[in-house]
Amino acid sequence: MLLPLAWMTSSAFKPLHEVMRIPPTWIPEEPTLENFRAVFAQFPFGRYFLNSLITSSLVTLSVLITSAMAGYALARFRFPGRDVLFLMILASLMIPFQTRMIPIYQLAIALHLQDTLLGVMFPWLVDAFGIFLMRQFMLTIPSDLIDAARIDGASEWRIFWTIMLPLVRPALAALAIFTFLGAWEEFLWPLIITSSDASRTIPVGLQFFSEQYGTNIHWQMAGALIAALPMLVVFFLLQRQIIEGIALTGMKG
């Protein structure tokens with residue numbers, strides 16, 4: 001599984017003639033950073049990287065806020081239609097994005113969101129899976145804590161902020177990691193909604209780059225390494241939380 005990643009990293013620091021050499025070598029004999037300089041000189045990869053960082057961060061923040069608040073309401077409040085609303089949220093998980101893509105695109109066009117960063121983030125600002133995860137996790141928290149806080153006169157906002165959020169921190173961390181990684185590598189929707197370099201994200205920019213410089217494999221490997229770098233950093237720094245998050249999403253409920 002790691003062989004393609006290792007080959008990409010190795011090739012990103014090789015000149016073209018060394019990448020094409022047969023038999024291939026894993027360790028660059030003539031290591032160079034010229035590939036990265038060429039990538040940024042030929043294409044606005046800096047802009048693509050910044051766009052991806054902005055959109056992924058804001059999507060993650062929005063999903064954490066909306067999922068935590070909706071999960072708290074669905075887990076701890078009783079109101080007419082609560083169960084029906086929750087079932088509708090679950091049902092939306094069964095509808096592929098490709099089925100919803102055309103009406104979402106028409107709505108984005110009507111709101112004049114085409115070729116904007118907000119348009120790139122638009123379909124992902126609220127996540128049904130995040131709401132489901134937070135609701136299920138909050139149901140496991142004893143109601144006695146909330147009842148005691150209400151008896152002491154704490155407002156619902158204070159209960160949510162000072163009691164619930166600290167207790168669901170593992171679920172929030174897992175949701176943040178999965179959301180950021182998913183938003184960073186999203187390709188189809190940014191490809192459809194963007195038409196200029198000002199709002200393209202790095203997966204789309206990398207595709208356009210590979211189409212234009214398909215014979216420059218060493219440049220493609222450098223661009224791919226740049227695109228994968230944030231995901232690699234997140235994984236190596238937070239691999240324990242990622243593994244716990246996978247276990248969490250499979251066992252809670």
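1. Angles between axes under 35 degrees count as roughly parallel, over 145 as roughly antiparallel, 65 to 115 as roughly perpendicular and the rest as oblique. The axes of H4 and helix H5 (residues 82-92) cross at roughly 135 degrees and come within 10 Å. H4 and H5 are therefore oblique to each other. Axes here are lines fitted to C-alpha atoms, for helices over the stretch in contact, with angles running from 0 to 180 degrees between N-to-C directions. Helices are DSSP runs (H or I, at least four residues), numbered from the N terminus.

2. A note on the source. This is a predicted model, in which local features need pLDDT of at least 70 and side-chain atom pairs count only at pLDDT 80 or more, while totals for chains, interfaces and linings use all residues. Residues are numbered from 1 along each chain as its sequence is written, and side-chain values use heavy atoms, with hydrogens and water left out.

3. The H4 and H5 contact (heavy atoms within 4.5 Å) is as follows. From H4 come Ala-73, Leu-74 and Ala-75; from H5 come Arg-82, Leu-85, Phe-86 and Ile-89. These residues divide into six nonpolar, no polar and one charged. Nonpolar covers Ala, Val, Leu, Ile, Met, Phe, Trp, Tyr, Cys and Pro; charged covers Asp, Glu, Lys and Arg; the others, Gly among them, are polar.

4. H4 (residues 45-76) also meets H10 (residues 156-167). Their axes come within 12 Å and cross at roughly 105 degrees. H4 and H10 are therefore roughly perpendicular to each other. Ala-68, Met-69, Tyr-72 and Arg-76 of H4 touch Glu-156, Ile-159, Phe-160, Met-164 and Leu-165 of H10.

5. Now the cores. A nonpolar core is a set of buried (under 20% relative accessible area, 1.4 Å probe, protein chains only) Ala, Val, Leu, Ile, Met, Phe, Trp, Tyr and Cys residues joined through side-chain atoms within 4.5 Å. The largest has 24 residues, and Val-39, Phe-45, Ile-202 and Phe-209 touch the most other members. H14 gives the largest share, nine residues. Another core, of 22 residues, lies apart from it and includes Ala-75, Leu-133, Met-134 and Phe-137.

6. Ile-202 deserves a look. Beyond its neighbours within four places in sequence, Ile-202 is in contact with Phe-45, Tyr-48, Phe-49, Ser-52, Trp-184, Ile-226 and Ala-227.

7. Check the loop between H6 and H7. His-112 sits there, with phi near 60 degrees, a positive value in a residue other than glycine. His-112 is exposed (over 50%) at 63% relative accessibility. Asp-115 lies in that loop between H6 and H7, and its phi is also near 60 degrees.

Definitions and conventions:
Helix = DSSP H or I, 4+ residues; strand = E, 2+ residues; numbered from the N terminus.
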